[in-house]
Amino acid sequence: MRLNFLHLALALVLVWLSCVLPATAVRATGAEPAKDVQADPAPCVAASAAADDDRIIEACGALIDNEKAAKPDRIKALMARAQALDHKQMIDRAIADYDTVLGLDPALADAYNARGELWRRKGDRPKAIMDFGAALKLDRDHAAAKTNYKSLALELERLGALKAVAGKPSFDCRKVRRAVEKAICANPELADLDREISVSSTRAIHEAQDSRQARELQRKQDQFIARRNAEFGKAGYDLKQAMLERLRQINGVDGY
C-alpha cells in the first residue's frame, strides 16, 4: 500500500515538472514569442529622396509587395512608384498604382488629381474631368485640381463648339457661285481649313501691334483669297496645299 502511494506521488511530481520547467526555461533564456515585424520603408524613402526613378520602382515595388508593409507606407510607396512610372511614360501602370491607392484610401485628393492628369494625357477626357471633380469634392482649395478642371472644361466646351461647325467653311454655302467655293463646300476637310484660316487671320489682325500692321495682315489675306479664286482649276494649282501653306503663314505671324 505504501509503495502504491509513493508511485502516485512520483507521478504527480513528474507531471508538475513537465508543466513548469519549459516555461521556466523560456524565462531563464530570455526568449520571447516572435513579434510581427513590419516591413522597412527606408529603402523606398531613400530612393524617393534621390529622385531615382529606377530605384524607386525597384525599392518601392518591393515594399508594396511585402505583406508586412504598413498601410500608410504602402500608400506612400504606391504614390512614389506611380510618379516614377509616369516619368518613364508607363502611363497605364501608373494609373493602376493610383487605382490601388484610392482603393486603400478613397479620400486622397492628390491621387485623384494625378490620375486625372494621366487620363487626360491618354485622351480620355471624361475620366479626367471626373477625377478632377472628385479631387475638388475632397478639397475644394486643391490648386492643381482647380486649374486642371477649369482648363479641361474650357477645352471640352471648345471641342463642343468645333463639333457644331465641323465641315462648315467661313462662308454660307447656300450663296456661293465660284467654283472654288463650291469645291470647298463639297469637301469637309477643305471646309475646316477655310474656317481655320478665317479665324486665325481675324485673330492675327485683332492682335496686331498697330493699325499699319493690321492693314498689312488684311492685305495678305485678301491677296490669298484673290489668288485662290483665280488659280483654282488651273494646271499645277493644289487648293489644299495652298490653304495649308496660308494657315502656316498666319500661325507664324500671330505666334500660334
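The structure is a predicted model, in which local features need pLDDT of at least 70 and side-chain atom pairs count only at pLDDT 80 or more, while totals for chains, interfaces and linings use all residues. Residues are numbered from 1 along each chain as its sequence is written, and side-chain values use heavy atoms, with hydrogens and water left out.

**The chain as a whole**

The protein chain has twelve helices and zero strands, where helices (H or I, at least four residues) and strands (E, at least two) are DSSP runs numbered from the N terminus. Of its 256 residues, 31% count as buried; buried means under 20% relative accessible area, exposed means over 50%, and partly exposed lies in between, with a 1.4 Å probe and protein chains only. Among the contacts in the protein chain with a separation of 6 or more, 53% come from residues 24 or more positions apart, a contact being heavy atoms within 4.5 Å.

Helix α5 covers residues 91-104, and its 14 residues should span 20 Å at 1.5 Å a residue, which agrees with end C-alpha atoms that are 20 Å apart; the expected span is 1.5 Å times one less than the number of residues. The buried residues of α5 are Ile91, Ala94, Ile95, Asp97, Tyr98, Val101 and Leu102. They cover an arc of only 160° around the axis, which puts them on the same side of α5, the arc being that of the directions from the helix axis to the C-beta atoms. An α-helix has 3.6 residues a turn, so residues three or four places apart point the same way. On the other side of α5, Asp92 and Gly103 are exposed, whereas the buried residues of α5 pack against α4 (71-87) and α6 (109-122).

Where α4 meets α5, the residues in contact include Ile75, Leu78 and Ala82 of α4 and Ala94, Tyr98 and Val101 of α5.

| Pair | Angle | Axes |
|---|---|---|
| α4 and α5 | about 160° | 8 Å apart |
| α6 and α7 | roughly 165° | within 8 Å |
| α9 and α10 | roughly 110° | within 5 Å |

Angles under 35 degrees count as roughly parallel, over 145 as roughly antiparallel, 65 to 115 as roughly perpendicular and the rest as oblique. Helices α4 and α5 are therefore roughly antiparallel to each other, α6 and α7 are likewise roughly antiparallel, and α9 and α10 are roughly perpendicular.

**Two residues in their surroundings**

Asp131 lies in helix α7 and is buried, with a relative accessible area of 5%. When residues up to four places away in sequence are not counted, Asp131 touches Tyr112, Arg115, Gly116 and Trp119.

Lys182, found in helix α9 (residues 179-186), is partly exposed, with a relative accessible area of 48%. Leaving aside its neighbours within four places in sequence, Lys182 is in contact with Val176 and Arg177.

Notes
Axes are lines fitted to C-alpha atoms, for helices over the stretch in contact, and angles run from 0 to 180 degrees between N-to-C directions.
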